[in-house]
Structures are given as C-alpha cells and as structure tokens.
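Please keep the structure open beside this note. Take the points in order and find each residue as you read.

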Amino acid sequence: MCSISFLILITVSISFFTSSLVFLSNDYSLFLEWEVVSLNSVSIVMTFLFDWMSLLFMSFVLLIASLVIYYSSEYMSGDVNINRFIMLVLMFVLSMMLLIISPNLVSILLGWDGLGLVSYCLVIYFQNVKSYNAGMLTALSNRIGDVAFLLAIAWMLNYGSWNYIFYLESMKNSVEMEIIGALIMLAAMTKSAQIPFSSWLPAAMAAPTPVSALVHSSTLVTAGVYLLIRFNILLSGSWLGDLLLLLSGLTMFMAGLGANFEFDLKKIIALSTLSQLGLMMSILSMGFYKLAFFHLLTHALFKALLFMCAGAIIHNMNNSQDIRLMGGLGVYMPLTSGCFNVANLALCGMPFLAGFYSKDLILEVVSLSYINKFSFFLYFFSTGLTVCYSFRLVYYSMTGELNCGSLNMLSDEGWIMLRGMSGLLIMSIVGGSMLSWLIFPTPYMICLPSYLKLLTLFVCVVGGVFGYLISNVSLFYFNKSLHNYLVSYFSGSMWFMPYISTYGIINYPLVLGMSVYKSFDQGWSEFLGGQNLYQELVKYSQYMIVMHNNNLKIYLLLFVLWIIFLFLFF
C-alpha cells in the first residue's frame with residue numbers, strides 16, 4: 001500500500017508542478033464549475049479554482065505526502081495497522097487538496113473540517129492518555145475557528161453566492177465584508193496556532209513523527225495562512241491587518257523564546273514551526289502575500305525534512321526524545337545528521353539554502369516598509385532566536401559524547417527512511433532559488449543602507465553565538481538558577497498559554513457548576529423539589545392506606561355520628 005500510494009502521489013505531484021509552470025508563465029487561471037445536481041430551477045454547483053498558486057501548493061503537499069508515506073513504510077513497520085495509518089494520511093491529503101482548490105466557502109469548509117477530523121484521528125493514533133488529551137486540545141481549539149467559519153458562511157448570505165472570490169475586490173470596503181474578514185482571520189488564527197490559540201501545536205506532537213512531518217509542519221498549519229493569502233485584499237490597509245501583525249509578531253517571539261528553554265526534540269521543532277507561521281502571518285498582514293506564500297513553500301520543504309531526521313534519531317534512540325540524552329550523533333549517524341544540519345541551516349537562513357531566499361527577502365522588505373519599532377524589533381529578534389535555538393539543538397545533539405547508555409543501537413541503516421529524506425534534502429538545497437526564479441521573475445528592487453542590509457546577517461551570527469553560550473554548562477546553570485527561575489519558567493511554558501487554555505478556561509465553569517450543584521441540585525431544589533414531592537406522596541399514600549384498611553370502621557363511626565347529629569338537632 002505504501003509503495004502504490006507513493007508512486008501515485010509523486011506522479012500527480014510532478015504533473016501539478018508542470019501545470020503550475022505553464023499557468024505561471026502564461027498568467028493563466030482556470031475556474032471550473034461542476035453541476036452536481038440540477039432539479040427544476042435549483043442547481044447545486046461545485047466550483048474549483050486552478051491557478052499557479054493552488055497548483056504549486058498542491059504539488060508541494062503531494063511531494064511531501066509521498067515522501068512521508070515512503071518514509072513511514074519503514075518508520076511504522078512495527079505497526080500492525082499500518083494500512084489504516086496510510087489511509088488516514090491519504091484522507092488528510094484529499095481534504096487538503098479540496099481546501100486548496102476551492103474558491104467557495106462551503107467547499108472550503110468540507111476540506112477544513114476534514115483536516116480537523118483526520119488531524120484528531122492522527123494525534124490520538126498512539127492510544128494513551130497523553131495522546132487523548134493532546135487530541136482533545138487540538139480538536140477543541142480548532143472548533144473555535146470552525147464556528148467562526150460557519151458564521152462567515154452565514155454572513156455570506158448577504159451576497160449572491162458563497163464564491164467569495166467574486167466579491168473581495170468589489171465589496172472590500174463594506175461592513176459585511178469586514179465582518180467576514182474578521183471571522184476568516186479568527187478561523188485562520190486557530191488553524192495556524194497564533195496567539196492565543198498556540199498551545200495545541202506543541203501538544204499535537206503526540207502524533208507519530210511522519211504525521212508531524214506532513215501535518216503539523218508543512219500542510220495543516222499552513223492552511224490558515226493559505227486561506228488568508230486568498231483573502232489578503234481584506235487585510236491590507238485595515239485594522240484587521242494591524243491586529244494580525246501584532247498577534248503574529250508576538251507568536252513568533254513567544255515560540256522562539258520557548259524553544260530555547262525546551263528539551264523535547266519534537267517540541268523544539270514544533271515551536272520552530274510556530275515561529276515561522278508567525279513570520280508568514282506577519283508579512284502577510286503587511287500586504288506581501290507572495291512573500292508569505294514563498295516562505296510557506298520553502299518552509300514546508302526544510303521543516304518536513306527536519307521532522308523526518310528527528311524521527312530517525314528518535315527511532316534509533318529507542319524512542320527517547322530528550323535532547324539532553326543525545327550527543328555525538330554526527331559520529332554514529334552521519335547521513336541523518338547531515339540532513340538534520342542542512343535542514344537546520346535552511347531554517348536559520350543560511351545563504352543559498354531554501355530558507356535564505358524567503359527569509360532574507362522578508363526581512364529586507366520589512367526594513368524597507370513603513371513599520372513601527374516594536375514590530376521591527378519582533379521580526380529581527382525572533383530571527384536571532386531562531387538561529388539561537390537551532391545552534392542549541394545542534395550543540396546538544398551533534399557535539400560531545402552520547403549521554404545515554406554505552407550499549408546502544410545507533411546506526412544509519414534505515415535505507416528507506418534515508419531515501420525518503422534525501423528527496424527533501426535536495427529540495428531544501430535548491431528549492432528556494434528555484435521558487436524565487438518562478439514566483440518573482442522580476443526581482444524586488446530593495447535599496448537599503450549598509451547597516452540595515454547587514455543587520456539580518458549580524459542578528460543571525462549573534463543568535464548562533466548566544467545559542468552556543470546558553471548551552472555551555474557553566475552559563476547554563478546560571479541561566480537555570482533560582483533567581484532566574486520564574487523568567488525561565490514563564491518563557492519555557494509558552495507564556496503559560498497551555499495552562500490558560502486548559503485549566504484557565506475550565507476552572508470557572510467547574511466552580512460555577514459546583515455551586516449550582518451544591519445550591520440547587522443538592523440544596524433547596526432537591527429539598528423542595530424531588531425530596532419534598534417524595535415525602536408528600538409518602539404521606540398521602542400512608543393516609544390512603546389507613547383509610548383503606550379501616551373503611552368499615554370509618555363507615556360505621558360516621559353512621560353513629562350521623563344518628564347522634566339527627567337526634568341532637570332535629
């Protein structure tokens with residue numbers, strides 16, 4: 001099943017990619033209407049939009065999905081139900097494709113909810129309490145966005161159809177469109193895990209690693225960004241864009257800070273994804289939707305590779321995810337470590353790797369744009385933090401000696417996994433330059449003073465040095481000492497967001513429920529209601545029993561009293 005799925009997906013991916021090249025070079029879009037049902041004058045029409053953006057995104061989703069399925073054939077080989085796993089992944093890909101090619105809110109909702117449902121099934125795939133909790137947090141966080149989406153569909157009833165693409169340009173200044181834009185933005189923020197809905201993304205790491213590589217790094221979480229790219233007209237020059245810029249900038253900063261205090265390998269990469277999503281959202285909110293899309297594609301390549309390498313390392317470390325137990329992996333697993341380092345450098349924005357072309361361009365456009373100091377600080381400081389946690393990760397996992405048992409099973413012999421990774425390795429190296437030639441045939445003209453031009457490079461170097469220094473043992477203990485404890489606890493727990501979005505939300509309803517239960521159900525309501533009714537019925541039934549048992553005596557007594565009454569008064 002794995003090999004068939006791999007072949008089909010990779011073939012379709014290549015065909016979509018070539019189609020996107022044709023569409024891009026001819027500036028061509030295809031709008032298909034498929035009449036599903038036609039009954040008298042009522043027709044139900046399904047609409048599809050094929051343009052260079054949707055075709056290119058679909059080809060990347062299918063490429064990553066095919067390589068992840070190929071990788072899973074070895075990674076999940078010990079699983080009895082591997083076919084069920086592959087079916088879930090294919091259902092996920094199908095939902096994603098429906099979302100990408102829909103210019104219609106109702107059909108987008110089908111794909112959107114399909115993503116949510118399959119994502120929940122994949123998060124709880126390893127059936128234990130932690131997975132169930134993570135799955136529930138994921139599903140319930142995303143339900144908020146789904147409700148916003150349903151409300152947006154209801155608001156679209158003000159127009160002639162649900163094909164939003166017809167109305168964006170003409171109606172962008174109307175109040176109804178602003179409300180729809182706000183609801184779509186809320187939906188996108190839940191799906192792309194922006195503040196205050198960030199806590200579900202690291203929790204979703206309870207899923208198998210191939211799922212993390214496909215779903216929680218490159219496709220599902222970017223669905224919100226992709227939706228906002230389609231709705232980008234509503235963001236530029238409105239308060240929605242300003243709000244999104246603030247929240248996504250804070251998300252980027254918070255995730256970068258949190259990753260520097262985390263020791264779980266998959267959670268570090270998840271927080272890194274969150275940081276990059278913040279970057280995409282913030283540049284999108286400034287109106288540069290092509291840049292956001294460009295970074296979305298390059299990020300998908302190296303982040304899927306990073307997760308695959310992490311999966312191979314976890315597999316070899318006997319399912320341990322703690323980076324403190326790793327070390328010297330470059331010696332034991334050279335090929336995997338090479339892929340891991342390439343993906344990490346691409347994430348940092350190392351010149352001429354995939355991440356550099358999109359990240360550097362974004363930061364230079366930000367320097368050139370009209371933007372306040374706070375947002376400017378968030379952009380550049382978060383970039384420094386990205387390099388910082390990447391170097392910290394390399395320091396812990398690749399250098400020094402192995403910190404777990406001396407008897408270990410570390411080897412680079414997982415050839416299927418390595419072949420799956422090598423496909424993404426090539427794309428992580430050449431993907432950025434290839435896409436930049438395709439998406440921006442005419443280069444951006446960016447004219448900056450030398451100190452701003454070199455600021456990105458300077459921030460990256462300083463971040464890398466800090467990443468090394470905070471991992472160094474003597475400084476590390478100072479960093480974790482008690483007088484810094486609250487700061488590190490606050491930063492390392494995503495600004496308490498996981499607690500706020502679980503205990504924080506559930507606390508007050510439970511307290512209210514307890515007082516209602518005590519006062520009403522176990523209190524006056526019970527005393528005057530159920531119990532009181534019961535006591536009264538018991539009393540009446542006892543009275544009736546007495547009457548029933550003594551009816552002859554009562555009859556004779558009444559007869560005697562009647563006679564006495566007659567004698568006395570008549």
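Predicted model: local features only at pLDDT ≥ 70, side-chain atom pairs only at ≥ 80, totals over all residues.

1. Start with its largest nonpolar core, which has 177 residues. Those with the most contacts inside this core are Phe149, Leu265, Phe293, Tyr379 and Met421. Helix α13 (residues 289-316) gives the core its largest share, 19 residues.

2. Look at Phe149 next. Leaving out residues up to four places away in sequence, Phe149 touches Leu105, Ile108, Leu109, Trp112, Ile184, Ala187 and Leu227. In soluble globular proteins, nonpolar side chains tend to be buried together.

3. Now check helix α16 (residues 354-368). Its 15 residues, at 1.5 Å a residue, should span 21 Å. The end C-alpha atoms are 22 Å apart, which agrees. Helix α16 is mostly covered, with 13 of its 15 residues buried.

4. The structure holds seven salt bridges. One of them pairs Asp113 with Arg143, at 3.3 Å from N to O. Asp113 sits in helix α4 (residues 105-123) and Arg143 in helix α5 (residues 129-155), so the pair links distant parts of the chain, 30 residues apart. Asp113 is partly exposed at 28% relative accessible area. Arg143 is also partly exposed, at 39%.

5. Arg143 has another partner, Asp146, with the closest N and O atoms 2.5 Å apart. The two are about one helical turn apart, because they lie three residues apart in helix α5. Asp146 is buried, at 3% relative accessibility.

6. Finally, Glu536 forms a salt bridge with Lys539. Their closest N and O atoms are 3.5 Å apart. Both lie in helix α25 (residues 530-549). Elsewhere, shared partners join Asp113, Arg143 and Asp146 into one network.

How values were computed: Residues numbered from 1 in each chain as written. Heavy atoms only, no water. Core = buried A, V, L, I, M, F, W, Y, C linked by side-chain atoms within 4.5 Å. Buried < 20%, exposed > 50% of the residue type's maximum accessible area, 1.4 Å probe, protein only. Helix = DSSP H or I, 4+ residues; strand = E, 2+ residues; numbered from the N terminus. Contact = heavy atoms within 4.5 Å. Expected span 1.5 Å × (residues − 1). Salt bridge = Lys/Arg side-chain N within 4 Å of Asp/Glu carboxyl O.
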